[in-house]
Amino acid sequence: IEHTRLYQTAREHYAFAQALANIATRLNSTLIEPAEIHQAICSEGANALRADYALLYRAEDDGQMVPLAVYVSEQELPIAAEEWPILNARDTEAQALNLLQPSLVTIQPISPRNLSTTQGLLPARVSAPLPGTYRQSFSLDGQPSPLREILAERHVQTAILAPLIAYGDAVGLLILGRSVPPTTYEKNAFAISDLSLAQDFSEQAAVAFNNAQLYQQQLAAHHRLQNLDQLKDQFMITASHELRTPLTAVLGYLELLAEYDEMLPAEQRREFFQKAQRSCDELVVMLDNVMDASRLETEAGLRPPHLEATSVHDMIKSVIDLIEPQLTKEERELHMHIPPRLFVQADPGRLRQVLMNISTNALKYSPPRTPIAYSAYTVMDQEPYAVISIADRGKGIAPEDQPQLFQRFMRLESDLNSPIRGSGLGLYISRRLVEAMNGKIWIESNGVPGEGTIFHIQFPLAN
């Protein structure tokens, strides 16, 4: 009997040492896949402590714990990780994280008479709680523990709760259990003597678990950097295209003036100068978008707005003067219904930038010979405000695409392969500028081609 006991002990220690060696090997591997490590912790932990069940939980920021991986021995009915319950902060199992070392719990067997009371029978082969353990199949709020109900159904009499500690913080929880049916005598439930092995294994598993989390974070950061590089490459291509158009117009008019200055009538020279100036103004708006986007990206933010009473009629008229050459070229009708004495509290430069961005979009995404309409109305609420609307007759924007329309570098999938170019910054900057001026911006469209899109901008009325 003594030789048999010594042999069994030696076999357990050998299995335990082998499990630690397997985990260490995985730690030294070039690539560590989190899912692979999570499963390895469960399977190697079950092998080391001869457990039939091994569950790995991760602690979330909200206090809940979610199952990541599970091991079930071949002799037991399989159950997937997602079928195990989420642990709440008030569950006893989750409270085991505060102990910072493995603990042993006794699982209440299921009482056939009343499953909702604590007066269940003690396990068949455990007449009382083991020394140094506690028995509780209920959470701290008195509700039954779903996890322990599952374990009890599978004849698990005791379970080891082993926190995974990384740099002093509990990042995960490994739960181990043995199935010991009443008619089984070749294996015993976990006892206090198994806690030392669980402690050694959990320390090694915590290193693997933490490395897996770090790898996942680095991989996510790498993907974010890749996406950012792609966005910036796309931005450089589209921005250079957008900037070249007004710059070409400026150079063209200056070349005409330089070559034919004395031959041109004064009225035509004045017209060329005005058109060159308008193109320069368009360049300024585009560069303002780029600079504002750069400041927002580096979290420097936008400069505080200089709010003053601003005429909506005069502001829209100045924007129409800028886009007038394109309106004429594309034979568009212009509808303008703006009260002449409507003033809003806004930063004139930023309001003009917003109106220019939206007007440019309306021209881009609606076909020639279709109208562009500007309108405004007031709402006399507790805090009176005005709503400025810009409407086109383009293809519209589907409702499911509207929530993401004001994000940085955002372009709809349907526009990526179209000849229409854009930086994906205009609407993002417009939203940030409007919000900085205590306003709101939203769109109205059902995505039906020909019915177009209406952009609404709300600002407080000026006193």
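A disulfide is a pair of cysteine sulfur atoms within 2.5 Å. By this criterion, a search of the whole structure, which is a predicted model, finds 0 disulfides. Two cysteines illustrate the surroundings in which such side chains occur here. Cysteine 42 has a relative accessible area of 0% and is therefore classed as buried, since the limit for that class is under 20%. Cysteine 280, with a relative accessible area of 35%, is partly exposed.

The overall make-up of the chain was examined next. The chain is built from 463 residues, and 42% of these count as buried. Its secondary structure consists of 10 helices and 13 strands. The accessible surface amounts to about 25000 Å², and carbon and sulfur atoms account for 53% of that surface. Contacts were also sorted by separation along the sequence. Of those between residues at least 6 apart in sequence, 70% link residues that are at least 24 apart.

Helix α7, which covers residues 312-329, packs against α8 at an angle of about 35 degrees, and the two axes lie 9 Å apart. The crossing of these two helices is right-handed. On the α7 side, the residues in contact are Met315, Ile316, Ser318, Val319, Leu322, Ile323, Gln326 and Leu327. On the α8 side, they are Pro348, Leu351, Arg352, Leu355, Met356, Ser359 and Leu363. Sorted by class, the contact between α7 and α8 comprises 11 nonpolar, 3 polar and 1 charged residues.

Two residues other than glycine were noted for a positive phi angle. For leucine 100, phi is near 60 degrees. This leucine lies in the loop that connects α3 (92-95) with β3 (103-106). Leucine 100 has a relative accessibility of 45%, so it counts as partly exposed. For arginine 369, phi is about 70 degrees. Arginine 369 is placed in the loop between α8 (348-364) and β10 (372-379). Its relative accessible area is 59%, and arginine 369 is therefore exposed, the limit for this class being over 50%.

Histidine 335 belongs to strand β8, which spans residues 334-337. With a relative accessibility of 32%, histidine 335 counts as partly exposed. Along the chain, histidine 335 and tyrosine 374 are 39 residues apart, while their C-alpha atoms are separated by 6.1 Å. When residues up to four places away in sequence are not counted, histidine 335 touches Pro371, Ile372, Ala373 and Tyr374.

A further example involves two residues of the loop between β11 and α9. Glutamine 402 is located in this loop, and with 17% relative accessibility it counts as buried. Glutamine 402 and isoleucine 443 are 41 residues apart along the chain, and 7.5 Å separates their C-alpha atoms. Apart from neighbours within four places in sequence, the contacts of glutamine 402 are with Ile397, Ile443 and Ser445.

Proline 403 also lies in the loop between β11 (385-391) and α9 (413-416). Proline 403 has a relative accessible area of 67% and is therefore exposed, whereas glutamine 402 is buried. From C-alpha to C-alpha, proline 403 is 9.6 Å from isoleucine 443, a residue 40 positions apart from it in sequence.

Definitions and conventions:
Residues numbered from 1 in each chain as written. Predicted model: local features only at pLDDT ≥ 70, side-chain atom pairs only at ≥ 80, totals over all residues. Heavy atoms only, no water. Helix = DSSP H or I, 4+ residues; strand = E, 2+ residues; numbered from the N terminus. Buried < 20%, exposed > 50% of the residue type's maximum accessible area, 1.4 Å probe, protein only. Axes fitted to C-alpha atoms, helices over the stretch in contact; angles between N-to-C directions. Left-handed = near helix turned anticlockwise from the far one by under 90°. Contact = heavy atoms within 4.5 Å. Nonpolar A, V, L, I, M, F, W, Y, C, P; charged D, E, K, R; others polar. Areas by Shrake-Rupley, 256 points an atom, 1.4 Å probe, with all protein chains shown as cover.
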